[in-house]
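Please look through the sequence and the model shown here before reading on. The report that follows starts from a single residue and then widens its view to the rest of the chain.

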Amino acid sequence: TLQFPVENSGEIEIRIYSQTGQLVARVSGTEQAGLRERTINASALPPGLYLINIKNGNREHNTKVVIR
């Protein structure tokens, strides 16, 4: 489960990148402003470190996650 801030209600896009920079998953949808949570099914991803990029309008939030 990812927890992330949404500055403005509207469209969001979540992109997940491998350590090598390859885009491995993309999820989009609509969220209300505030602190939000989204569950991502990572069962198809091998264990490792991933970069998460969350875009909401002209705002972006980046974080890292380890999948075991």
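Predicted model: local features only at pLDDT ≥ 70, side-chain atom pairs only at ≥ 80, totals over all residues.

## A residue and its surroundings

Not counting residues up to four places away in sequence, Ile 52 touches Leu 2, Ile 14, Arg 15, Ile 16, His 61, Asn 62, Thr 63 and Val 65. This residue is found in strand β5, and Ile 52 counts as buried because its relative accessible area is 2%, which is under the 20% that marks the limit for buried residues. Along the chain, Ile 52 and Glu 13 are 39 residues apart, and the model places their C-alpha atoms at a separation of 10 Å.

## The chain as a whole

Taken along the principal axes, the C-alpha atoms fill a box of roughly 35 × 20 × 15 Å. The radius of gyration is 12 Å, which agrees with the value near 11 Å that a compact globule of 68 residues would have. Of the 68 residues, 28% are buried. Among the contacts with a separation of 6 or more, 50% are made by residues 24 or more positions apart.

## The sheet

In general, the strands of a sheet pair through backbone hydrogen bonds, in either a parallel or an antiparallel manner.

Strand β2, made of residues 10-17, runs antiparallel to β3 and is joined to β3 by 8 bridges. Within this pairing, Ile 14 stands opposite Val 27 in β3, while Ile 16 stands opposite Ala 25 in β3. The hairpin of β2 and β3 has 5 residues between the strands, and there Gly 21 takes a positive phi near 90°. Strand β2 also pairs with β5 in the antiparallel sense, over 5 bridges, and Arg 15 has Asn 53 as its bridge partner in β5.

## The nonpolar core

Which residues make up the largest nonpolar core? This core has 11 residues, namely Leu 2, Phe 4, Val 6, Ile 12, Ile 14, Ile 16, Leu 45, Tyr 50, Ile 52, Ile 54 and Ile 67. Strands β1 (2-6), β2 and β5 each supply at least two residues of this core. In soluble globular proteins, nonpolar side chains tend to be buried together.

One of the core residues, Leu 45, lies in the loop between β4 (34-38) and β5. Leu 45 counts as buried because its relative accessibility is 16%. When residues up to four places away in sequence are not counted, Leu 45 touches Ile 16, Val 24, Tyr 50 and Ile 67. Leu 45 and Ala 25 are 20 residues apart along the chain, with their C-alpha atoms separated by 9.1 Å. Tyr 50, another member of the core, has contacts that include Ile 16, Val 24, Leu 45 and Ile 67, once its neighbours within four places in sequence are left aside.

Asn 53 is found in strand β5, residues 48-56, and Asn 53 counts as buried because its relative accessibility is 10%. Apart from its neighbours within four places in sequence, Asn 53 is in contact with Glu 13, Ile 14, Arg 15, Tyr 17, Glu 60, His 61 and Asn 62. Arg 38, whose place is in strand β4, also counts as buried, because its relative accessibility is 17%. With residues up to four places away in sequence left out, Arg 38 touches residues including Leu 2, Phe 4, Ile 12, Ile 14, Val 27 and Glu 31.

| Residue | Partner | Polar contact |
|---|---|---|
| Asn 53 | Glu 60 | 2.7 Å |
| Arg 38 | Glu 31 | 2.8 Å |

Terms used:
Residues numbered from 1 in each chain as written. Heavy atoms only, no water. Pairing = 2+ DSSP bridges. Helix = DSSP H or I, 4+ residues; strand = E, 2+ residues; numbered from the N terminus. Buried < 20%, exposed > 50% of the residue type's maximum accessible area, 1.4 Å probe, protein only. Polar contact = N/O pair within 3.5 Å; in protein donor to acceptor, adjacent residues only side chain to side chain. Contact = heavy atoms within 4.5 Å. Core = buried A, V, L, I, M, F, W, Y, C linked by side-chain atoms within 4.5 Å. Rg over C-alpha atoms; globule rule 2.2 N^0.38 Å.
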